[in-house]
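Let's take a walk through this structure together, one region at a time. Have a look at it below before reading on.

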Amino acid sequence: MLATKGVSSIHQEWLHHAITISKAGLSHTFPNPIVGAVLVDQDNKLISQGVHLGAEHAEVIAINNAKVDLSKATLYLSLEPCNHIGKNPACSQIIIKSGIKKVYFALNDPNPIAQGGAKALQDAGIEVEGGLLTEYAADTNRDWLTKIKLNRPRIIIKIAATLDGKIAAADQSSKWITSEQSRDDVAKLRSQVDAIITSTGTVLTDDPELTSKGQGKDPAIFVVGQREISPNSKLIKRGADLTLIKDYGVDQLITELNKRGFNRVMVEAGPALISALLKAHVVDEVILYQAPTVLGDGVSFVSALGINTINERIDFEVKEVEKIGSDIKTTLYAKVVK
């Protein structure tokens, strides 16, 4: 790792900015990572910036937008520049040709196909410092990193529930448990995922549209289950990018998701599918919208998991808690056993 201690706060601020703007690439870049790039002049003023949105790489966009001499500029990147020629030229070579002499980046590229960019820059006489702000960068790019490590997309479970964990009343009614603000936040989440996984039971009961409500790109939809979906369902009538999976097995679902190269998928379904994924230990993240209300009887978000003792419980770590409307939104990551 090209790690450097004592990097100035100015460099860290620009690098933090590059990582932050990379989030705009969520849902646009799969199967590739999200990347942000920032070019700064010798007076520490912004020249240009770029975000990978599925076509040109972030570095290339920033360089092409600069329109000035870059021999005294500094480039900040959320990820080590690629050293691979694929759909796009190797970013390392474009940086070398641009005349840039200093590059700071956050994450070392773990993909063996693309790594080696930092060394290529160093060999060309460019000053390179990497392995910076890695915790923030890794969390921002956690979807792609999960896929590189586990050979499957990061799987997120979205739950809208009461204080006692109910997602519907005893009569199956569920509209609406959470606030309008929470539902708008879910729509934003949909714009940031590559696909939504749901079940035939959810489609038949709720007839959801599962759109971003105009906040961005609508995700692909995967519906799991053996029951038939009505041709009049909202998903079909709106022309969703729809895949039906009759096999309820988790392995088959992941195979189908991997065929598309997805980085980030979100589950919006009932207890049967959520429980199957939990039992298979493939849930990486939970986003829970909890309304300040109690139903008592009703449908729980999870069913029996075959857990008989406290030592067999499935643990998560709280990452973030925020108030949205009248509800509490909690983001949790699967606990990594050390």
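**The sheet and its surroundings**

Gly36 has Val51 in β2 as its bridge partner. Gly36 belongs to strand β1 (residues 36-40), which pairs with β2 in the antiparallel sense over 5 bridges. A quick word on terms: strands (E, at least two residues) and helices (H or I, at least four) are DSSP runs numbered from the N terminus, and two strands pair if DSSP finds at least two bridges between them.

This is a predicted model, where local features need pLDDT of at least 70 and side-chain atom pairs count only at pLDDT 80 or more, while totals for chains, interfaces and linings use all residues. Residues are numbered from 1 along each chain as its sequence is written, and side-chain values use heavy atoms, with hydrogens and water left out.

Now zoom out: 5 strands make up an open sheet with mixed pairing, in the order β2-β1-β3-β4-β5. β2 (46-51) and β5 (127-129) sit at the edges with a single partner strand each, so one side of each has no neighbour in the sheet.

Next, the cysteines. There are 0 disulfides here (pairs of cysteine sulfur atoms within 2.5 Å). Cys91 is buried (under 20% relative accessible area, with exposed over 50% and partly exposed in between, using a 1.4 Å probe and protein chains only), at 1%. Cys82 is buried as well, at 10%.

Finally, find Thr20 in helix α1 (residues 9-21). Thr20 is partly exposed, with a relative accessible area of 32%.
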